[in-house]
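Let's take a friendly walk through a protein model together.

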Amino acid sequence: MKFILAVAFLAVALAAPQGDKKPIEIVSSNSEMNADGSYSFDFESADGTKVSESGNQKQVGPKPEDIGTVSKGSYSFTTPDGVVLTVNWVADENGFQATGDHLPTPPPMPEHVVKMLADLKAAGVL
């Protein structure tokens, strides 16, 4: 009985008006899936949001079964104050790496650390 009551409340909550938000029109959309596992897609919406992604299969380890999908792409959108933000990204055997002018970056490595790492590498420790 409690489950039915919970589902009924959930249905009422989902059916409630969501304000005056109207769906945003998709003005262009393309996608391609290939037999070799490669793919690409992109779309643009009427509010200026753009998304693009492509990927393919890649050997990511020493064994034949160590195959993974590597992808790259970008997305951009306009903030409420009118600034267009763009994120470019790569997802591969090194993980997910995103770049964008608005994203924080680490400070430069201190010179003494750079020298120490070079010395360790030269000594064969690294």
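Let's begin with a charged pair: Asp-119 and Lys-115 form a salt bridge, and their closest N and O atoms are 2.9 Å apart. Keep in mind as you look that this is a predicted model. Where do Asp-119 and Lys-115 sit relative to one another in helix α2? The helix covers residues 111-122, and because the two residues are four places apart in it, about one helical turn separates them. Asp-119 has a relative accessible area of 41%, so it counts as partly exposed. Lys-115 reaches 52%, and since the cut-off for exposed is over 50%, this residue falls in the exposed class.

How many salt bridges does a search of the whole structure find? There are two, so let's visit the other pair. Here Glu-93 is joined to Lys-58, with 2.8 Å between the closest N and O atoms. This pair ties together distant parts of the chain, as the partners are 35 residues apart. Glu-93 belongs to the loop between β5 (84-92) and β6 (95-99), while Lys-58 is part of strand β3, residues 50-59. Are these two buried, partly exposed or exposed? Glu-93 is partly exposed at 41% relative accessibility, and Lys-58 is also partly exposed, at 34%.

Next, find strand β4, which spans residues 67-78, and pick out Ser-71 in it. Is Ser-71 buried or exposed? Its relative accessibility is 12%; buried means under 20%, so Ser-71 belongs to that class. Which residues does Ser-71 touch, once neighbours within four places in sequence are set aside? The list is Tyr-39, Glu-53, Ser-54, Gly-55, Trp-89, Val-90 and Ala-91.

You will find Leu-126 in the segment after α2, and its relative accessible area of 61% makes it exposed.

Conventions: Residues numbered from 1 in each chain as written. Predicted model: local features only at pLDDT ≥ 70, side-chain atom pairs only at ≥ 80, totals over all residues. Heavy atoms only, no water. Salt bridge = Lys/Arg side-chain N within 4 Å of Asp/Glu carboxyl O. Buried < 20%, exposed > 50% of the residue type's maximum accessible area, 1.4 Å probe, protein only. Contact = heavy atoms within 4.5 Å.
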